[in-house]
Amino acid sequence: MKQLSTKLSGVPKSGIRKLFDLVGQRKDIISLGIGQPDFKSPQPVVDATIAAIKEGKGSIYAPTMGVPGLKKIIAEKLKKENNIEADPEKNVMVTNGGSGSIALAFAALFNPGDELLLFSPNFLSYYYVARYFDAKVVEAPRRPDFGPNIDTLKKLVTPKTKAILINSPNNPTGYTYTRQEIEAVAALCIEKDLYLISDEVYEKILYDGNKHVSPASLNGMADRVITLNAASKTLSLTGFRIGYLSAPEAMLPLMENYIQYTAAGANHPCQYGVMAGLEHVLKNPDYLDLVIKAYQKKRDTCFKRLNGMGLSCPKPGGAFYIMPSVASSGMDGAIFSQKLVEKKGIAVVPGGSFGQFSGNNVRISYAIDDGLLDEALNRMEEFIRSVKK
Ligand SMILES: Cc1ncc(COP(=O)(O)O)c(C=O)c1O
């Protein structure tokens with residue numbers, strides 16, 4: 001038989017998906033592995049989706065670029081919450097989740113050999129989706145607190161660099177950029193004539209009074225930035241597979257070319273649900289306050305207890321992840337996570353899944369019930385004690 005696609009066969013199964021499989025097989029496992037919110041989707045979303053199904057929207061294709069009413073609300077949201085000017089028909093499109101937004105951004109930007117610069121560790125999809133579009137990912141190491149080092153970034157820009165990608169608040173580190181850091185990245189893009197991809201799926205999950213800054217709102221950036229977002233994390237709709245993006249006008253026809261022959265649009269009834277969800281959020285800007293307060297408490301617990309066990313980690317400013325180093329256990333992240341799940345039934349993701357500089361780390365997602373989180377941290381502490389004996 002002739003060889004199947006080497007582009008795809010060279011991609012390892014995502015460490016996170018492997019975890020899904022394992023967690024599915026064993027009943028005793030507490031998973032700190034899955035990046036999924038643990039609160040209920042807002043009721044208006046559920047009602048509007050059911051109504052759309054009853055009206056027959058599931059029997060007909062959605063418009064390729066998205067339902068016009070949803071694109072209009074997205075543009076309103078971008079204006080009000082992100083200070084981004086976007087024409088719903090020229091700059092906005094609905095995608096198949098944040099993952100679909102990433103694929104479309106890469107599809108519109110990259111030619112073979114182009115380089116994409118990002119801080120590492122970072123969300124694993126970027127590395128593999130870049131490969132599908134023959135772009136090379138160049139990893140810049142983060143500071144010890146996981147923040148961006150702009151001088152390092154600058155040194156890695158080459159004539160082939162096409163774009164920088166930032167994700168703040170970040171998966172897997174929880175690092176959240178300050179306004180000054182976003183401005184410094186934007187200034188570098190202008191100086192070196194680069195595009196900027198800004199993945200903002202965790203924009204609302206912020207602690208300690210941190211404020212989200214969208215680079216597309218900064219002077220001189222509107223023509224350079226693709227802003228990616230999704231309903232998944234902030235509306236607790238990971239199963240819907242609805243995302244969206246706003247991009248310079250010239251890019252939308254390219255994205256349309258790509259989506260019409262791959263996905264032919266996004267889930268039709270669910271777009272009505274997300275429309276109701278975004279309307280609900282615009283009317284109730286404090287709707288996530290209680291969830292964030294609860295996450296902040298979990299973040300504080302993890303930060304204190306992990307550092308207390310000798311698994312040192314910086315305090316995350318947002319999202320629901322924390323990324324300790326496990327070097328003090330004498331194991332790397334891969335062995336640590338394998339032994340931890342075997343011996344104590346606690347699933348975490350090896351840091352090596354997120355790039356070349358985090359092999360000694362693991363990623364913990366703390367968006368789970370407080371009691372389970374305490375139990376998981378207790379078992380982890382017992383594990384650390386047992387390996388140090
Ligand atoms: C940073 C980041 N971007 C994008 C996504 C993908 O989001 P979605 O589930 O909407 O495809 C995720 C999911 O974990 C993520 O962490």
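**Ground rules.** I number residues from 1 along each chain as its sequence is written, and I use heavy atoms for side-chain values, with hydrogens and water left out. Since this is a predicted model, local features need pLDDT of at least 70 and side-chain atom pairs pLDDT 80 or more, while totals for chains, interfaces and linings use all residues.

Helices here are DSSP runs of H or I, at least four residues; strands are E runs of at least two.

I then checked polar contacts (N or O pairs within 3.5 Å). A polar side-chain atom of Ser99 sits 2.6 Å from a ligand oxygen. The side chain of Arg241 has an N or O atom 2.6 Å from an oxygen atom of the ligand. The protein covers 92% of the 390 Å² of accessible area that the ligand has on its own (Shrake-Rupley, 1.4 Å probe).

**Backbone.** I found a cis peptide bond from Ser120 to Pro121, omega near 5 degrees. Pro121 is in the loop between β3 (115-120) and α6 (125-132). Ser168 and Pro169 are also joined by a cis bond, omega about -10 degrees.

I noted a positive phi at Phe146, near 75 degrees. Phe146 is buried at 10% relative accessible area (buried is under 20%, exposed over 50%, partly exposed in between; 1.4 Å probe, protein chains only). Ala264 has a positive phi of about 55 degrees and is partly exposed at 31%.

Methods: Polar contact = N/O pair within 3.5 Å; in protein donor to acceptor, adjacent residues only side chain to side chain.
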